[in-house]
Amino acid sequence: MTNSVRKVAAAAATAVLGAALAGCGGGAGAPDAGREARMGTPAASATASASAATSASGSPAASPQAGAPAKPPTMAPGPNGLTPVFERAKQQTDKTVALTFDADMTSDQGPRAADGEHFDNPALISTLRTLKVPSTIFMTGRWAEEYPDQAKSIGTDPNFEIANHSYSHHAFKSPCYGLPALDAAAARADVDRAFAAFRQAGAVNTVPYFRFPGGCYDDQALRALSTAKVTAVQWDVVSGDAFAKDPGAVAEQVLSGVKPGSVVVMHCTRSAAPVTEEAVQRIVPELRKRGYRFVKVSELIGK
């Protein structure tokens with residue numbers, strides 16, 4: 001596989017999207033050998049935290065603006081300066097859980113949105129607010145450009161934090177569910193472009209966390225992002241909400257997988273995950289009944 005950006009035929013765009021969104025929660029992006037050694041540890045000093053909180057553009061990702069978190073916790077770089085990867089809180093006795101939602105949209109889906117396809121899910125965001133569930137939204141830059149008012153609303157609400165899910169939703173490692181692949185330079189620029197889109201939309205609750213499209217990464221991808229000073233965030237619970245039609249099955253999959261310190265991956269995209277909001281209405285009260293407290297990823301990383 002070449003590392004340069006692949007050109008995909010327009011006729012294949014729909015198939016690629018389906019694979020991409022399925023891949024977002026598929027968990028198939030397990031890294032190569034040495035994974036445990038790259039997990040890193042929480043940054044121990046204020047200096048390290050401030051450095052790691054620098055955005056992809058080189059400016060502070062969490063400057064002291066109204067509503068913005070101050071110096072979100074990050075993880076120290078892994079061996080040889082590789083981008084650290086977070087999957088689940090090391091403190092696994094506290095019954096906390098982070099629900100995370102991928103707001104997916106690829107760089108070439110403007111025509112589909114113009115034709116009425118919904119890549120957003122306002123009802124889901126409303127439900128999270130009503131249920132008072134702090135959440136982390138992993139947003140693509142293209143999504144923020146398509147829905148700037150929603151991006152700003154989410155990104156100025158203290159209930160939420162916005163993390164980077166790339167600009168284009170292209171792969172940072174190949175193969176990855178048939179996604180077009182980016183080389184190292186393009187991957188780094190893609191992260192910058194997403195952060196810029198969040199700023200343009202007016203989102204201030206942004207955090208220096210990154211989720212690989214499809215969850216696919218390797219050492220080369222971690223090395224390419226090392227100068228972005230982000231913590232890569234994966235998950236340990238796959239909701240299975242992508243293209244699901246039964247909210248009960250999605251809820252059961254989450255409920256059966258959650259453990260103290262878990263990170264759950266779900267989606268904030270109506271066209272590709274139409275039952276997520278209904279599943280959340282079942283998941284939240286049941287986990288609270290079991291004694292769980294919902295937190296943002298930043299709280300888990302800070303433990």
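Are F172 and F212 buried or exposed? In this predicted model, F172 is buried, as is F212. Both residues also belong to the set with the most contacts inside the largest nonpolar core, alongside F101, M139 and W143. That core comprises 60 residues, and helix α7, spanning residues 184-201, contributes the most to it, with 7 residues. A separate core of 16 residues lies apart from it, including M75, A98, A163 and V295. In soluble globular proteins, nonpolar side chains tend to be buried together.

Aromatic pairs number 6 in total. One of them joins F172 and F210 in a tilted arrangement, with 5.2 Å from centre to centre and 55 degrees between the planes. F172 is located in the loop between β4 (160-164) and α7, whereas F210 belongs to strand β5 (residues 206-210), so that the pair links distant parts of the chain, 38 residues apart. F210, like F172, is buried. F172 also pairs with F212, here edge-to-face, at 5.7 Å centre to centre and 75 degrees between the planes. Because F212 lies in the loop between β5 and α8 (219-224) and F172 in the loop between β4 and α7, this pair ties together parts that are 40 residues apart in sequence. Together with Y217, the residues F172, F210 and F212 form one aromatic cluster.

Charged groups also sit over aromatic rings. The charged end of R193 is placed over the ring of Y167, 3.8 Å from its centre, and that of R211 over the ring of F138, 4.0 Å from its centre.

Terms used: Residues numbered from 1 in each chain as written. Predicted model: local features only at pLDDT ≥ 70, side-chain atom pairs only at ≥ 80, totals over all residues. Heavy atoms only, no water. Core = buried A, V, L, I, M, F, W, Y, C linked by side-chain atoms within 4.5 Å. Buried < 20%, exposed > 50% of the residue type's maximum accessible area, 1.4 Å probe, protein only. Helix = DSSP H or I, 4+ residues; strand = E, 2+ residues; numbered from the N terminus. Phe/Tyr/Trp six-rings, centres within 6.5 Å; stacked < 30°, edge-to-face > 60°. Lys NZ or Arg CZ within 6 Å of the ring centre and 35° of its normal.
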